[in-house]
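Me: I'd like to learn how to read strand pairing and pockets. Can we work through a case?

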Amino acid sequence: MTINQFDPVLATMLNAELNRQRDGLEMIPSENFVSSAVLEALGSVATNKYAEGYIGKRYYGGCHHIDEIEALAINRAKQLFGAEHVNVQPLSGAPANIAAYSAILEKGDTVLGMDLSHGGHLTHGHPVTYIAGIYNFVRYKTAADGSIDYDNLRDMAIEHKPKLILVGYSAYSRDIDYARVKQIADEVGALTMADIAHIAGLIAAGEMNNPIPLFDVITTTTHKTLRGPRGGMIMCKQAFAKQIDKAVFPGLQGGPHENVIAAKAVAFKEALEPAFKDYARQIKLNAKVLEYEFSSAGYKIMFGRTDNHLLLVDVMGSKGVTGKQAQVALDLAGITVNKNAIPDDTRGPMDPSGIRFGTPALTTRGMKEIEMKQIASWMNSAIQNWQDIEQLEKIRKEILILTSRFPLYSDISY
């Protein structure tokens, strides 16, 4: 029995969401469109099986095929990233980070991580999080030119003597000099951890610096630029393998979601294909076009430029429009972004000064530089006319014409 036959109310909601994705421009940089094969794996019979434990060491019977699926995902991830050890069981990025902390830190240990308003993530030590009460997080910021000030990072490391130096971000648009961070960590006797959730696909394709050969622990999500299912993963040096595995299970999780792990295996196979390198390259090319167009239109690009898939733009300082006002206006026009704080923002997080947007999902649909130029023009018009409902509706109709040229999930309905 189909969803439509059994639960038409839910089917209506799912179809509405499907049409939203088809008809609009998805520009939240942490979102992407998975393939039909990944969707198929997510809805597979692997969802029925409990498999607490690890390959060959399960607490349930009947796991021999599940062992094969999980081993396939692990081996493909190792091949894709060149990792010594991989755990594919984390349910998402935040649980992966928390598991990594618990594996290599003791309560009260000091962690040097990136400040949230300068592009870091909540799980990198923001005071509102639970883990901020367990470990002593000291947060570093970016320099005036938008780069990480590695000399200042070194000074902070010498002063605070962290057990762990953490790099990675959710809204930062520049690459990281992992070798320099590793040098600083070695100097003060700290461990190293990189959260590559946003840029894992770009790293796998060779389009950004790779911390995996250098760092002790690397965490990531498997969606975003990697274009897989919503999930997490931890990679590490072999010396930390047992600690990491024990921290994930039984430390923080019970039975892994093996249907998601099957979908991860599909996504890793897709990322190993030559076409994925072209895809990752196009993500960056598209982002650079948006950077140029927004800069030319008078917007302040935070951190100076983009080296990856995303941009953080100060709309309040540039156009006198708040981040929330811009997000709502763009949504009405058929463009999905998210309001976002800019470095040292004086506005609250629910109506900050900036917006964050990126190119992974648009690039998945096949859009390239010429489309980015037009999209930037629509975005600028929507932001500057954020109260003009007629203008926003006009943009939405024009976007419908564009998206019809780049069909999405044409074989799916609920």
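Me: Which residue is the bridge partner of Asn-340 in E15?

Reply: Strands of a sheet pair through backbone hydrogen bonds, either parallel or antiparallel. Here the partner of Asn-340 in E15 is Gly-354. Strands (E, at least two residues) and helices (H or I, at least four) are DSSP runs, numbered from the N terminus. This is a predicted model: local features need pLDDT of at least 70, side-chain atom pairs count only at pLDDT 80 or more, and totals for chains, interfaces and linings use all residues. Residues are numbered from 1 along each chain as its sequence is written, and side-chain values use heavy atoms, with hydrogens and water left out.

Me: In which sense do E14 and E15 pair, and over how many bridges?

Reply: Two strands pair if DSSP finds at least two bridges between them. E14 and E15 (residues 354-358) are antiparallel, with three bridges.

Me: What is the strand order of the open sheet?

Reply: Its four strands run E11-E12-E15-E14, with antiparallel pairing. E11 (300-301) and E14 (338-340) stand at the edges; each has a single partner strand, so one side of each lacks a neighbour in the sheet.

Me: Which helices pack on the sheet?

Reply: Contact means heavy atoms within 4.5 Å. Axes are lines fitted to C-alpha atoms, for helices over the stretch in contact; angles run from 0 to 180 degrees between N-to-C directions. Helix H11 (residues 274-296) touches E11, E12 (310-314) and E15, and its direction makes about 15° with that of E12. Helix H13 (residues 323-332) touches E14 and E15, at about 45° to the direction of E15.

Me: Which residues lie nearest the centre of the second largest pocket?

Reply: Rolling a probe the size of a water molecule over the atoms shows where empty space is left. A pocket is an open set of points on a 1 Å grid over the protein atoms alone, where a 1.4 Å probe fits, with protein on both sides within 12 Å along at least five of seven lines; lining residues have an atom within 4 Å of a point. Of 21 lining residues, Leu-116, Leu-122, Ser-170, Asn-340 and Ala-341 lie nearest the centre. E14 gives the most to this lining, three residues.

Me: What is the volume of the largest pocket?

Reply: About 770 Å³. A volume is the space filled by probe spheres set on the points, with grid points joined across faces, edges and corners. The lining has 33 residues, among them His-223 and Arg-230. Its largest share, five residues, comes from H2.
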